[in-house]
Amino acid sequence: MDRSWMNARRISEEYEKGVLVFLQYVKENAKSVNGTYFCPCVRCANQIRQDLGNLHDHLFMFGITKSYTVWTWHGEVLDQPMTSRGTNYVEEWMTDDLEDMIRDVGENNFRRANLYDSVINDSEQPLYPGCMNFTRLSATLKLFSLKARNGWTDKSFTELLELLKEMLPKNNTLPIRNYEAKKVLCPMSLEYQKIHACPNDCVLYIKEFASLKIVQHVV
């Protein structure tokens, strides 16, 4: 499925059509909880649930998270185990989306966070000694996909991780809590600054525009 629309301007026809395709995919594949789904907009970052109406609005107001190219939070399943760096999702994610992430957080911050090394290590570290089918990263992604599709709470997911940790062989690398699993998938802990933007993608209110105010025109 073509996802180039995710990099298009939010006011473009390409982006609008892409959002509609995404919402249809969500309705057909994602697990809803009381009619709500994880919102992949930049503000919610798949951590907050919204109904389809708000999800639609958020994707236009805040934009979709560009690095979210595999929709694991909305029912997409990774079929390939990630045991090598040559032909797997991690390598594709590195080449396709890592540059965007570097631009977003700044090269100095990115290097200080050691993100690349962290993801590479987790993608090459076996789930347990001798395991050939799963790495620490691939197992965590698979489990998070199940969590999203079935609407598990953070508490129930932690309980599952704790049980699996005991069931797996000794010295396994599976995260034991929901928080630790999230850190595997998003290992950056960077300070951030909220920057307001024009809803029409005209300007970011930063630097020489910082003193300007958002004015809503009512027609």
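Here is a chat about the predicted model shown above.

Visitor: Okay, how many helices and strands does the protein have?
Guide: There are eight helices and two strands. Keep in mind that this is a predicted model.

Visitor: And what pattern do they follow along the sequence?
Guide: Reading along, you get α-β-β-α-α-α-α-α-α-α.

Visitor: How much of the protein counts as buried?
Guide: Of its 219 residues, 37% count as buried.

Visitor: How many residues are in the largest nonpolar core?
Guide: That core has 31 residues. Trp5, Tyr15, Phe22, Leu55, Leu59 and Trp71 have the most contacts inside it. At least two core residues come from each of α1 (13-29), β1 (36-38), α2 (52-61), α6 (136-150) and α7 (154-167).

Visitor: Which one gives the most?
Guide: That's α1, with six residues.

Visitor: You mentioned Tyr15. What is Tyr15 in contact with?
Guide: Leaving aside neighbours within four places in sequence, Tyr15 is in contact with Trp5, Met6, Ala8, Arg9, Arg10, Leu59, Phe60, Gly63 and Ile64.

Visitor: New topic: α6 and α7. At what angle do their axes cross?
Guide: They cross at roughly 145 degrees, and the axes come within 11 Å. The crossing of α6 past α7 is right-handed.

Visitor: Which residues make the contact?
Guide: On α6 they are Leu143, Phe144 and Lys147; α7 brings Asp154, Phe157, Leu160, Leu161 and Leu164.

Terms used
Residues numbered from 1 in each chain as written. Predicted model: local features only at pLDDT ≥ 70, side-chain atom pairs only at ≥ 80, totals over all residues. Heavy atoms only, no water. Core = buried A, V, L, I, M, F, W, Y, C linked by side-chain atoms within 4.5 Å. Buried < 20%, exposed > 50% of the residue type's maximum accessible area, 1.4 Å probe, protein only. Helix = DSSP H or I, 4+ residues; strand = E, 2+ residues; numbered from the N terminus. Contact = heavy atoms within 4.5 Å. Axes fitted to C-alpha atoms, helices over the stretch in contact; angles between N-to-C directions. Left-handed = near helix turned anticlockwise from the far one by under 90°.
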